[in-house]
Amino acid sequence: MYDYDLLVVGSANADLVIDVERRPAAGETVLGGDLAVHPGGKGANQAVAAARLGAATTLLARVGNDGHGRLLLDSLRSAGVDTVGVLVGGAPTGVALITVDPEGDNSIVVSPGANARLTPADVRAAGSLFHASRVVSAQLEIPLETVVEVVRSLSPDSRFVLNPSPPRPLSSEVLAACDPLIVNEHEARVVLGDACVSEEPADWARLLLAKGPRSVVVTLGAEGALVCDSSGVTRVPSVKVDAVDTTGAGDAFTAALGWKLGSGASLAEAAQYAARVGAAAVTKRGAQESYPTAEEVEAL
C-alpha cells in the first residue's frame, strides 16, 4: 500500500515573468509589461499539477528562508501537496526569469539558488518517502548527482519518470531506470549527442530507447507526442486550443503522465491524458495557476 501516488524530486523557483512584444536579440534591450511573480520550478510545478488532478502528491525540494520560499510553500499546500519533504534554508530560493511573447512562447533563464543545495544526503534522509511512493519523478534543475541518488533510492516496485530539463548527457545508470524518459525536441538532441543522426522524431524515440530507458516519450508541442517502448512507436495527437502562455505546460504533461502510469494506464493512454492536461494549462497565464483540475480536463 502506497501513501503517495507521486513523489516529485526537483526544483522550486519563483517565476519572474514579463510579457514582451518580441524576445531581445543579443545586445538588445526591449521594453516589456509589468513584472508578475508566480510560484514555479519544474519540481514544484509537477507536484502542484498532479495534486490538482487528484493525485496524492509529495515533494522533495529545497527553498530559501525568504519571501519567495513562503510563496512556494503556500502554493504547494493550497494545491494539496504534502510539503513534509520541502527543506528550508541554505541559500536564497531559486528564481526563473521568463519572457513571454504574444504567441505564448517563452524564454527562461534560471538562477538555481537553494535548488543547487538539494544534495544526495537529502535524498538518503528522505528514504521513507521513496518507499511510500508509487511513482517518482525528477528533472535536472537540481544537481545531477542528486538525481543519481534518486535512482539508487527507488523502491523495487516504484516507477521512475525523468524529464532531463535543462538537458545534459545522462549515465547508463540513470537512463536504465527511466520508464519513461520524457524529452522535447531540444532535449532529445542533447541526450542523443552524436547518436542524433536523423531529423525524424520517430527515429529519435527509437535511438533514445536503444540507449537504455524502458520507454520514451518525445513531446512535439502542437504536433502532439510520440511514445516508444519495446512494442514500437505510437503517435499521440495534440489537443487544439488557443495558447496564451506555455510556461510550465511540459511540467503539467509530465505530472499527469506519471500519475496515470501509476494508476495502471498504458503509456499511450497516459500520454493522451497528459496531452489534454498540457493543453488546458496553456490556455491560462502562469505555471501553477494555470493547472487544471480533473473536472476541467474532462470538460476540455
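Glutamate 149 is found in helix α5, which covers residues 144-153; helices here are DSSP runs of H or I with at least four residues, strands are runs of E with at least two, and both are numbered from the N terminus. The structure is a predicted model, in which local features need pLDDT of at least 70, side-chain atom pairs count only at pLDDT 80 or more, and totals for chains, interfaces and linings use all residues. Residues are numbered from 1 along each chain as its sequence is written, and side-chain values use heavy atoms, with hydrogens and water left out.

With a relative accessible area of 13%, glutamate 149 is buried (buried means under 20% relative accessible area, exposed over 50%, and partly exposed in between, for a 1.4 Å probe and protein chains only). Residues up to four places away in sequence aside, glutamate 149 touches Pro120, Val123 and Arg124, where contact means heavy atoms within 4.5 Å.

Glutamate 223 lies in a loop, between β11 (216-219) and β12 (225-229). This residue is exposed, and its relative accessible area is 55%. When residues up to four places away in sequence are not counted, glutamate 223 touches Arg235, Val236 and Ser238. A separation of 9.0 Å is found between the C-alpha atoms of glutamate 223 and valine 239, which are 16 residues apart along the chain.

Helix α10 comprises 15 residues (267-281), and at 1.5 Å a residue it should span 21 Å; the end C-alpha atoms are 21 Å apart, in agreement. The expected span is 1.5 Å times one less than the number of residues. Helix α10 is mostly covered, with 11 of its 15 residues buried; among them are Leu267, Tyr273, Val277 and Gly278.

The chain as a whole contains 11 helices and 13 strands. Its radius of gyration is 18 Å, close to the 19 Å that the globule rule gives for 300 residues, so the chain is as compact as a globular protein of that length. The radius is taken over C-alpha atoms, and the rule is 2.2 Å times the number of residues to the power 0.38. Along its principal axes the C-alpha trace spans about 50 × 45 × 40 Å. Of the 300 residues, 54% are buried. Among contacts between residues at least 6 apart in sequence, 65% join residues at least 24 apart.
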